[in-house]
Structure formats: structure tokens, C-alpha cells
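Visitor: I'm new to looking at proteins, and I'd like a tour. Could you walk me through this one?

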Amino acid sequence: MRYARLLLIASAIVLPFSPALAPTPAAAQQASSPLPCSGNVNIVRISEIKPGMMQKFLEAVAAQKAWYKNAGLTDRIGVMRVMEQDPATKEWKLSDTEAITTHVQAASSKPPAHDEAWDAFVAMFKDSSTIKTQYLACMSAM
């Protein structure tokens, strides 16, 4: 868990986030009111991956990227594999149980209507993971 927090903090330093990160419910991507952001919005999720499901989770990320690209949108979607250090050997390995995803989109953008392909990648995420924490961050233009 410490390493997930460390990675999230590191990404906050590297990416031009505004000073405030506000935790939001999972449905926040479909905001019911205008977001107070004139730049890009970054949806950052820390997900717990179900046992043996990391590959399916990564496939869900790829399907999500493809859906937005096929819809003609320029959203940037990525995944970071959390690294864990063995306390005894000090060796590092990629976690099979935790990942961090980012989804950067224009604050004013609205995705097209959901379709079967949308439902398919959302189902893949649900089958392979649980969102532990989600943040919406306003990325100022720099």
C-alpha cells in the first residue's frame, strides 16, 4: 500500500495537477454538473485486481483506449503497474493485485453514447478488479 501511495504522489509531481485532488465516487466520470476546471481532467483510479485477473484488467484498459480512439476522441488512457519490494530480499516485482489507471480528457468533453463495446470493456473491468480509490484532478495548462 505504501508503494501505491508513493506512485500516486510521484505521478502528482510529474503531471501538472492543480494543487487539489478531490476524492470522488466511481460515478464521477459522468458529472451531473459542470466541472470547475478549464484545463484537462485526469481521472486517477487505484484498483484492486482480483486473483489471477491482471491480464484481463490490462485487456480492459486496451479495450477502453480503443473505444475512445474509435469514437474519434483524443483522451489519453494509461495504466501503471504498482511495484512491490520483498522485505527480505529487497527485490522488486510488479504487483498482480494493484494497478493505477489514468484517463486524461478535456474538461468540456462529453463522450459519445455508450454502446456494446463500452459495455464490454466496463464488464471486463468489473470482472477483473474493484476500484479502491478514485480522484478527479484538474490539470492546469502549462
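This is a predicted model: local features need pLDDT of at least 70, side-chain atom pairs count only at pLDDT 80 or more; totals for chains, interfaces and linings use all residues.

Visitor: What volume does the largest cavity have?
Guide: Rolling a probe the size of a water molecule over the atoms shows where empty space is left. Counting cavities of 30 Å³ or more gives 1. The volume of the largest cavity is about 30 Å³.

Visitor: Which residues line the largest cavity?
Guide: Look for residues with an atom within 4 Å of a cavity point. The lining is made up of Tyr-68, Leu-73, Asp-75, Gln-105, Ser-109, Lys-110 and Pro-111.

Visitor: Now the cysteines. Which residue does a disulfide join to Cys-37?
Guide: A disulfide is a covalent bond between the sulfur atoms of two cysteines. To count here, the two sulfurs must lie within 2.5 Å. With an S to S distance of 2.1 Å, the partner of Cys-37 is Cys-138.

Visitor: How many residues apart are Cys-37 and Cys-138?
Guide: Cys-37 sits in the loop between β1 (17-23) and β2 (40-49), while Cys-138 belongs to strand β5 (residues 129-139). The bond therefore links distant parts of the chain, 101 residues apart.

Visitor: Is the disulfide of Cys-37 and Cys-138 right-handed or left-handed?
Guide: For this one, check the torsion about the S-S bond, which is about 80°. That is why the disulfide is right-handed.

Visitor: Is Cys-138 buried, partly exposed or exposed?
Guide: The buried label needs under 20% relative accessible area. Cys-37 makes it at 13%. Cys-138 has 21% relative accessibility, so Cys-138 is partly exposed.

Visitor: On to the rings. What kind of aromatic pair do Phe-57 and Phe-125 form?
Guide: There are 7 aromatic pairs in the structure. For Phe-57 and Phe-125, the ring centres are 5.5 Å apart and the planes make an angle of 70°. Planes over 60 degrees apart fall in one class, so this pair is edge-to-face.

Visitor: Which helices do Phe-57 and Phe-125 lie in?
Guide: Both residues are buried. Their pair ties together parts that are 68 residues apart in sequence, because Phe-57 lies in helix α2 (residues 54-70) and Phe-125 in helix α3 (residues 116-128).

Visitor: And how many residues apart in sequence are the parts that Trp-67 and Trp-118 tie together?
Guide: Trp-67 and Trp-118 are both buried. Their ring centres are 4.9 Å apart with planes at 70°, so this pair is edge-to-face. Trp-67 is in helix α2 and Trp-118 in helix α3, so the pair ties together parts that are 51 residues apart.

Visitor: Which residues do ring pairs link into a cluster?
Guide: Phe-57, Phe-125, Trp-67 and Trp-118 are among them.

Visitor: Where does the largest share of the largest nonpolar core come from?
Guide: This core has 13 residues, and Phe-57, Tyr-68, Phe-121 and Phe-125 touch the most other members. Both α2 and α3 supply at least two residues each. The largest share is 6 residues, and it comes from α2.

Visitor: One last stop. Is Thr-101 buried or exposed?
Guide: Thr-101 lies in strand β4 (residues 92-106). Setting aside neighbours within four places in sequence, its contacts include Ile-43, Phe-57 and Val-79. With a relative accessible area of 10%, Thr-101 is buried.

Conventions: Residues are numbered from 1 along each chain as its sequence is written. Side-chain values use heavy atoms; hydrogens and water are left out. Helices (H or I, at least four residues) and strands (E, at least two) are DSSP runs, numbered from the N terminus. Buried means under 20% relative accessible area, exposed over 50%, partly exposed in between (1.4 Å probe, protein chains only). Rings of Phe, Tyr and Trp (its six-membered ring) pair if their centres lie within 6.5 Å; planes under 30 degrees apart count as stacked, over 60 as edge-to-face and the rest as tilted. Contact means heavy atoms within 4.5 Å. A nonpolar core is a set of buried Ala, Val, Leu, Ile, Met, Phe, Trp, Tyr and Cys residues joined through side-chain atoms within 4.5 Å. On a 1 Å grid over the protein atoms alone, a cavity is a set of points where a 1.4 Å probe fits but cannot get out, and a pocket is an open set with protein on both sides within 12 Å along at least five of seven lines; lining residues have an atom within 4 Å of a point. Grid points are joined across faces, edges and corners, and a volume is the space filled by probe spheres set on the points.
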